[in-house]
Amino acid sequence: MGNADLRDLAALSDVSFDELGGSVVAVDAHNWLYRYLTTTVKWTSDAKYTTSGGDEVANLVGLVQGLPKFFEHDLTPVFVFDGGVTELKDAEVEARREQKEKAQERLEEARERGDAVEAARLEARTQRLTAVIHETTRDFLDLLDVPYIEAPAEGEAQASYMARRGDADYVGSEDYDTLLFGAPFTLRQLTSKGDPELMDLDATLAKHDISYEQLVDIAILVGTDFNPGIKGIGPKTALKAVKEHGDLWGVLDARDLHIDHADRIRDLFLDPPVTDDYDVDLDIDPDLEAARSYVVDEWEVDADEVARGFERIEESLVQTGLDRWT
Amino acid sequence: MFKAIVSASTLRDALDSVSVLVEECKIRLNEDELAIRAVDPANVGMVDLSLEAAAFESYEADGGVIGVNLSRLEDIAGMANSGDLIQLELNEETRKLHIQIEGLSYTLALIDPDSIRQEPDIPDLDLPAEIVLEGNQMDRGIKAADMVSDHIRLRVDEEAEAFYIEAEGDTDDVDLKLTREDLIDFTSGPADSLFSLDYLKDMNKAIPSDAEVTIELGAEFPVKLHYEFGEGMGHVTYMLAPRIQSD
């Protein structure tokens, strides 16, 4: 999701978890969960995470494996779930659904051929966030007392908004779009091994000597979740053009180009639907036994599969840090 | 400028109390004392140490800061017999510490203090209970707890006027009860907290068994452990963050 071309423009640096201790991270929940569904659980059979009733609950394994990383480094995550999909994004959602259906067909073919590697690859792509995944993720976070909120629309927009207001120190997302939603600092690679990567909005703007609005205009020319972008215009060309002509309209005029709904797309980044109506309790008081029983007994996940993850959660959550008293 | 002569046992006691928590630390060479403050990487255990100038055979310093690798320095100090004197002298130009022990001369490369983790702020704690006991009493409680669990509960029973060291394992339990009569001094108050034995064991290792240990304790609060070494002129306070108690 988002446009990876923005990486060419973004100011990125490695940051150590040591420097991040004590911060609050507004995590784009779908983006985060999706990473776990597609990467962590990729090479194993889906049968392992499917209940006798046929529900896929690989998300629970992803949560148990992914959450310790926050707690062990003294980061408090606030998960932000997508609300209703923005209308303009329908085309993208539809396209993605079609891709998945195609992948599903090929997956079945691969399975028939007995091509396990291809099947595993395709299985990753056919992972979707089902209603059960939505429900069980929230239930599990409730049991662990990990805060989450529901965004009115894009989760990344809401997370970025919370970071702008100072209610979160960082946005957690793999997506470069958080720059376009105005997130001051984004942590990438929170789901990977090793140190995260810090994406800095102000440094990005300073690096190219552009305004935040101009960055959004560049992205629209290159393509976003809401529009395909203009063929033949990459980030470097777009940067040059926007600097030369001032803004998106200037570039479109000068080059005699048109982008459908350009003004609405621009507004979706500059003034997205977000809410102030959230109340986040950062003091995490988990019920570990109930959480474990939820995963293992109620949703039939193999106890061995989540034993280590729960151990890590327990260790990292029950031991307090002295900084709580300073 | 730093130039000092100190007994090997005093220096070793000082270094041991810090090395249980961190690998590297900053040493403040103040005019009237040598001071170290450090917290472990997980922010769970902290040490605050001072060694008065009077604890040294001779001591001259003007407020500089050096960074040291503790295990290196401990290894060197380990070359001395406990009655030996150790001479320390800082070469400001080379930023190296010259150490002399009975004819043995060692030049220790120092670490840039800026590359060492910042010294922590001391938590602001108002702890209601104070227990003063002998180091070996605490040692006994910790050893027993370690047989059954990886965490330990320290609590005061205000009615029974007693201090308890307890551990609950999967199958076995231990508890050590110390009444007012068993203790050197006792200020009763509402106190009950759970701690990681990994940390407490390490801290306990650094406490001389003949030392008097003052434990300041609260309810789900960090514990403060205070003791003295170097004939009362070295002071160590440990602070250890609690584990959350599940009911």
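1. Aromatic pairs. This predicted model holds 14 aromatic pairs over all chains. One of them joins A:Phe70 and A:Phe79. Their ring centres are 6.1 Å apart and their planes meet at 80°, so the pair is edge-to-face. The reasoning rests on two cut-offs: centres must lie within 6.5 Å, and planes over 60 degrees apart count as edge-to-face.

2. Burial of that pair. A:Phe70 has a relative accessible area of 2%, and is buried. A:Phe79 is buried too, with a relative accessible area of 2%. Both calls follow because buried means under 20%.

3. The cluster around the pair. A:Phe70 and A:Phe79 belong to a cluster linked by ring pairs. A:Trp32 and A:Tyr36 are also in this cluster.

4. Charges over rings. In chain A, the charged end of A:Arg138 sits over the ring of A:Phe81. The distance to the ring centre is 3.8 Å. In chain B, the ring of B:Tyr164 has the charged end of B:Arg155 over it, 4.3 Å from the ring centre.

5. Extent of the interface. On the chain A side, 11 residues are in contact with 20 residues of chain B. The two chains bury about 1,300 Å² between them. Carbon and sulfur atoms give 58% of that area. Three residues stand out on the chain A side: A:Gln319, A:Leu322 and A:Trp325. Together they supply 53% of the area that chain A buries against chain B, more than any other three residues.

6. The rule finds 1 salt bridge between chain A and chain B. A:Glu315 forms a salt bridge with B:Arg243. Their closest N and O atoms are 3.4 Å apart. By class, the side of chain A that touches chain B has 4 nonpolar, 4 polar and 3 charged residues.

Key. Residues numbered from 1 in each chain as written. Chains lettered and ligands numbered in written order. Predicted model: local features only at pLDDT ≥ 70, side-chain atom pairs only at ≥ 80, totals over all residues. Heavy atoms only, no water. Phe/Tyr/Trp six-rings, centres within 6.5 Å; stacked < 30°, edge-to-face > 60°. Buried < 20%, exposed > 50% of the residue type's maximum accessible area, 1.4 Å probe, protein only. Lys NZ or Arg CZ within 6 Å of the ring centre and 35° of its normal. Contact = heavy atoms within 4.5 Å. Buried area = accessible area lost by both parts, 1.4 Å probe. Salt bridge = Lys/Arg side-chain N within 4 Å of Asp/Glu carboxyl O. Nonpolar A, V, L, I, M, F, W, Y, C, P; charged D, E, K, R; others polar.
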